[in-house]
Amino acid sequence: MKRNPQKKLAVINDLSGYGRCSLSVILPIVSAMKIQCCPVVTSILSNHTGYSHCFKEDFTKQMPEYISHWKQIGMEFDGILTGYLGSKEQIDIVIDFITSFAKDTLIVVDPVMGDHGKRYQSFTEEHCEKMKELVKKAHILTPNITEACILTNTPYKTNWSEKEIEEICKKLQTFGVKIIIITGVFVDGIFYNYIKDGEAPVTVIKEEKVGENRPGTGDIFTSIVMGSVMKHQTVISGVKKASHFVKQCIEQSERWKIPIEDGVCFEEFLYTL
């Protein structure tokens, strides 16, 4: 239902009360970009799982009824963004959500499954296969290099040529996705992000690595790219903006000696968006 001219983005992800990741960072970033953020919560955590312990309440059973009320009131969205999905059942729910609500709607899928060459412990091969069904719904796909390898059955390694990345992107495009953004390729102190848009050659966006890897930076990156494209900016400009923003956040977090598990102090830079 078009209640006003402001753009609306449905975000399907978990909510961590502490640790600055997932919806805790996506919601304020999207809002700062003057887009209404409408969350579909997959689970609630007291803090993310990078800490020694946490409370977690899975919302898989509640999601269909929650979504049904949006259907009843006729909600419409300009964009749908999916993040971490903890089960095959949640992926099925999200596929149904996209089928129900996607009408000239930008779909961005962040296929969260692993990092540093390994699947996350909770992800089985069957779970990863199910993720491929969701990937087919995306207009833009934002895997890190580990997830890109999982999706294309490519052996993981640490050194990649641009030609090899291009081949992985082409394999990902066989799922029907037009735009691929592969993130997190790290070589000699530089982070590389690769953008493959249709038939065009891969575009490479470089950013100097600063500090340690921190939770939530992937969520920040993807939400800024999503917001940029929804505001009719190019994917390349969105990736540049997102990369620079994340770098600023990490630099300030290092200066303030914020514990790594606490994520980044992105609040200090929201005004730049």
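**Note on the helices, sheet and salt bridges**

1. Helix α3 and helix α4 (residues 125-135) pack with their axes 9 Å apart and at an angle of about 5 degrees, where axes are lines fitted to C-alpha atoms, for helices over the stretch in contact, and angles run from 0 to 180 degrees between N-to-C directions. The two helices, α3 and α4, are therefore roughly parallel to each other, a term for angles under 35 degrees. The contact (heavy atoms within 4.5 Å) involves residues of α3 including Ile 91, Asp 92 and Ile 95, and residues of α4 including Lys 130, Met 131 and Glu 133. Helices (H or I, at least four residues) and strands (E, at least two) are DSSP runs, numbered from the N terminus.

2. This is a predicted model, in which local features need pLDDT of at least 70 and side-chain atom pairs count only at pLDDT 80 or more, while totals for chains, interfaces and linings use all residues. Residues are numbered from 1 along each chain as its sequence is written, and side-chain values use heavy atoms, with hydrogens and water left out.

3. The open sheet has 9 strands in the order β3-β2-β1-β4-β5-β8-β9-β10-β11, with mixed pairing; two strands pair if DSSP finds at least two bridges between them. Its edge strands, each pairing on one side only, are β3 (56-58) and β11 (203-208).

4. Helix α3 (residues 88-101) lies across β1, β2, β3, β4 and β5, and runs at about 175 degrees to β4 (79-82). Helix α5 (residues 145-152) also packs on the sheet, where it touches β8 and β9.

5. Strands β9 (residues 179-187) and β10 (residues 190-197) run antiparallel and are joined by 7 bridges, with Tyr 192 in β10 as the bridge partner of Val 185. They form a hairpin with 2 residues between them, and Asp 188 in the turn has a positive phi of about 50 degrees.

6. The structure holds 13 salt bridges, each a side-chain nitrogen of Lys or Arg within 4 Å of a carboxyl oxygen of Asp or Glu. In one of them, Lys 178 meets Asp 197 with the closest N and O atoms 2.4 Å apart. Lys 178 lies in the loop between α6 and β9 and Asp 197 in strand β10, so this pair ties together parts that are 19 residues apart in sequence.

7. Lys 247 and Glu 207 also form a salt bridge (3.6 Å, N to O), linking helix α8 (residues 235-255) to strand β11 across 40 residues. Both Lys 247 and Glu 207 are buried, meaning under 20% relative accessible area (1.4 Å probe, protein chains only).

Definitions and conventions. Angles under 35 degrees count as roughly parallel, over 145 as roughly antiparallel, 65 to 115 as roughly perpendicular and the rest as oblique. Buried means under 20% relative accessible area, exposed over 50%, partly exposed in between (1.4 Å probe, protein chains only).
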